[in-house]
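User: Please examine the structure shown below and answer some questions about its chain contact and its aromatic rings.

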Amino acid sequence: MNTIEYFKERFDQIQSENGSNGLGSLRQAAFNAFSKMGIPTVKHEEWKYTRISGAFNKEYKFPVNRMVNHLSEDDLKAIRLPGSEQANELVFVNGIFSFPLSVIPSAELIVLPLQEASSNEYKDIVVKHLGHSSNYLKDGINALNTAFVQDGIFIHVKKGQVTQHPVYIYNITDARSDNIFSQPRSLLHISENAQVQLVETYATIGLGESFTNQVMEIIVEKDAMVEYYKIQNDAGHTNQVSSTHIRQIGKSYIHTVVISLNGGIVRNNLNVVLEAEHCEAHLYGLYFPMGQTHIDNHTVVDNVKPNCLSNELYKGILNDNASAVFNGKIFVQPNAQKTNAYQSNKNILLSNSASVNTKPQLEIFADDVKCSHGCTVGRLNEEGLFYLRSRGISEKIAKSLLVHAFAIDILEHIKPEPIRMYVDRLISERLEFNIT
Amino acid sequence: MLRIENLHAGIEGKNILKGFNLEIKPGEVHAIMGPNGSGKSTLASVLAGRQDYEVTEGSIEFLGKDLLELSPEKRAGEGLFLAFQYPIEIAGLSTINFIKTSVNEIRKYRGQEPLDAVAFLKLMKEKMALMDIDKSLLSRSLNEGFSGGEKKRNEIFQMAMIQPKLAILDETDSGLDIDAIRIVANGVNTLRNKDNAVLVVTHYQRLLDYIIPDFVHVLYNGRIVKSGPKELALELEERGYEFIKNEISVEEEV
């Protein structure tokens with residue numbers, strides 16, 4: 001298909017139906033940007049090692065809200081994460097938020113269609129923050145999501161409230177009868193002195209191709225605390241670009257863990273902007289692809305104000321023909337004195353045909369800062385392997401003990417116990433069946 | 001139990017052991033002493049099956065089997081144990097999980113059921129007391145941040161848990177103070193019986209004050225050049241390795 005023309009048809013259709021609503025001009029600007037930039041190719045510096053343009057040669061259905069697909073309870077059951085009975089569950093199907101399938105027991109949590117939030121009491125927040133991520137993601141794929149922002153949701157955690165139940169977000173693609181292109185979109189507003197745990201996952205039902213182009217924007221106010229966990233373990237025939245844009249606009253604390261295990265092409269953009277003094281940001285990631293899976297983590301930590309702390313640790317384990325990219329940028333703006341910013345990326349290659357491209361980038365414009373970065377790519381520690389084997393432990397089990405030991409300091413940052421145990425189990429199973 | 005005949009071995013094309021012979025019988029304690037570079041560590045590495053060492057000639061028979069045909073884990077299953085000179089630190093792997101896996105993998109090799117939690121705990125408590133090991137050490141990552149003494153005690157603790165037939169102590173005394181040497185030696189002595197054997201590889205005589213050897217062998221330039229009773233160790237300590245070197249050069253001249 002001609003990608004731009006195809007999306008233009010969809011765009012014009014929606015624009016003619018609700019062009020006059022509050023999001024119309026944002027959508028129009030975004031679509032113009034998309035028309036100009038198109039889908040990023042490997043010529044784009046930020047997409048050098050990740051080729052998503054190939055996925056757009058296929059025919060997809062791009063559902064809009066009149067085509068909401070109804071999943072059965074059984075479909076959901078297979079997708080639910082452990083601990084879901086204690087959680088708020090927010091469900092997107094083919095990129096469209098589904099109120100009937102979502103369960104929201106927490107009164108401190110407000111969930112509204114973005115369209116509605118852009119014209120009621122939350123209008124100021126929406127207008128101020130929606131679309132900010134495009135400043136950091138200067139490519140057509142982010143613009144494409146924003147051009148169809150009308151189906152997104154607004155999530156608001158009330159001031160001073162601690163969400164007792166974690167918020168699970170399911171991005172489900174129903175590809176049983178078609179190839180599906182979906183674009184989940186959300187704007188989260190974590191009010192002053194509020195706390196929330198977010199857990200997000202992706203699942204495709206059926207054997208059709210799926211491409212998910214997600215954008216999530218999280219606004220963190222003063223004294224708020226946010227934990228954000230992303231679990232990516234979808235089928236091998238699914239591709240996704242998942243962009244998470246976090247703005248700490250008051251002195252606040254964020255903690256993110258991104259676990260990427262399976263998929264076709266998985267591209268994560270995680271941007272954290274520290275826009276107030278004394279913000280703290282912790283970013284952790286573990287990717288463990290096998291087969292032909294390609295996982296790309298692009299992160300940006302932008303220190304705008306003085307006295308902030310950021311700490312980033314991403315670890316990769318690669319098997320078979322898998323490939324991975326880590327690109328971590330740290331900006332320290334001229335005003336951001338006394339910044340502490342650390343970054344580390346460590347990789348283990350388990351096979352000769354696995355590969356990783358890792359690129360730390362520090363751009364420092366202030367002079368009184370502490371910053372460090374480092375990356376390693378290596379094999380399993382031979383000395384460690386011999387030590388374990390000399391104690392009677394078979395090579396296979398010794399390898400999996402070492403790989404698990406390597407992963408553990410990311411896993412232990414997953415604070416909700418059911419999720420931590422779940423991820424640990426996925427990794428243990430992978431080690432048991434796929435390491436020789 | 002162990003019979004090494006005409007062993008030639010080395011690393012990266014360099015010959016280090018050049019015709020090494022040794023026989024160890026059940027119940028015996030042997031000490032191998034020698035100056036730096038004589039081949040002590042090579043011997044320990046070859047026995048345990050370290051892959052970067054290459055055997056070019058000779059044979060090693062262990063309990064009737066060709067040791068050189070066995071992988072490191074099978075050697076351990078057969079009853080061979082090497083206490084490392086430099087135990088490896090593994091962040092993220094708890095000491096207890098490691099030892100439990102080791103004990104049960106060896107049991108599996110021998111066709112035994114894995115120890116259940118109660119039996120394992122009982123065995124562990126007994127051996128912890130023997131080696132003066134604190135419980136908190138076992139929940140920490142394997143050897144990570146352990147002091148030199150803790151690492152060596154942890155080695156002998158593993159030996160106590162596994163109960164090997166032949167234990168090789170590779171420079172176990174290096175970096176230990178006298179108290180730590182006593183604890184380590186006491187552990188080794190408690191585990192001695194008529195069916196197992198110990199091979200102590202050491203530069204210094206001092207560990208042999210506590211683990212009394214039946215035989216002392218002097219390794220020099222890849223071969224055993226002198227064997228004798230435990231008094232030989234004292235003589236070496238007093239006179240240094242120079243006298244051995246002199247004796248050899250005299251012999252060679254003759």
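The questions and answers that follow concern a predicted model.

User: How many residues does chain B give to the contact with chain A?
Analyst: The contact has two sides, and chain A supplies 18 residues to it. Between them, the two chains bury about 2,000 Å², 63% of it on carbon and sulfur atoms. In chain B, the residues B:E73, B:I88 and B:E105 lose the most area to chain A, together 27% of what that side buries. The number of contact residues from chain B is 30.

User: Which residue of chain A forms a salt bridge with B:R50?
Analyst: The count of salt bridges between chain B and chain A is three. A salt bridge requires a side-chain nitrogen of Lys or Arg within 4 Å of a carboxyl oxygen of Asp or Glu. For B:R50, the closest N and O atoms are 2.7 Å apart, and the partner is A:E383.

User: Which element of chain B gives the most residues to the side that touches chain A?
Analyst: Across this interface, eleven residue pairs are in polar contact. Elements that each supply at least two residues to the side of chain B include α2 (72-78) and α6 (148-162). The most, seven residues, come from α3(B).

User: Why is the pair of A:Y168 and A:Y170 classed as it is?
Analyst: Planes over 60 degrees apart count as edge-to-face. The ring centres of A:Y168 and A:Y170 are 6.4 Å apart and the planes lie at 75°, so the pair is edge-to-face.

User: Is A:Y168 buried or exposed?
Analyst: The cut-off for a buried residue is under 20% relative accessible area. A:Y168 has 2% relative accessibility, and therefore counts as buried.

Key. Residues numbered from 1 in each chain as written. Chains lettered and ligands numbered in written order. Predicted model: local features only at pLDDT ≥ 70, side-chain atom pairs only at ≥ 80, totals over all residues. Heavy atoms only, no water. Contact = heavy atoms within 4.5 Å. Buried area = accessible area lost by both parts, 1.4 Å probe. Polar contact = N/O pair within 3.5 Å; in protein donor to acceptor, adjacent residues only side chain to side chain. Helix = DSSP H or I, 4+ residues; strand = E, 2+ residues; numbered from the N terminus. Phe/Tyr/Trp six-rings, centres within 6.5 Å; stacked < 30°, edge-to-face > 60°. Buried < 20%, exposed > 50% of the residue type's maximum accessible area, 1.4 Å probe, protein only.
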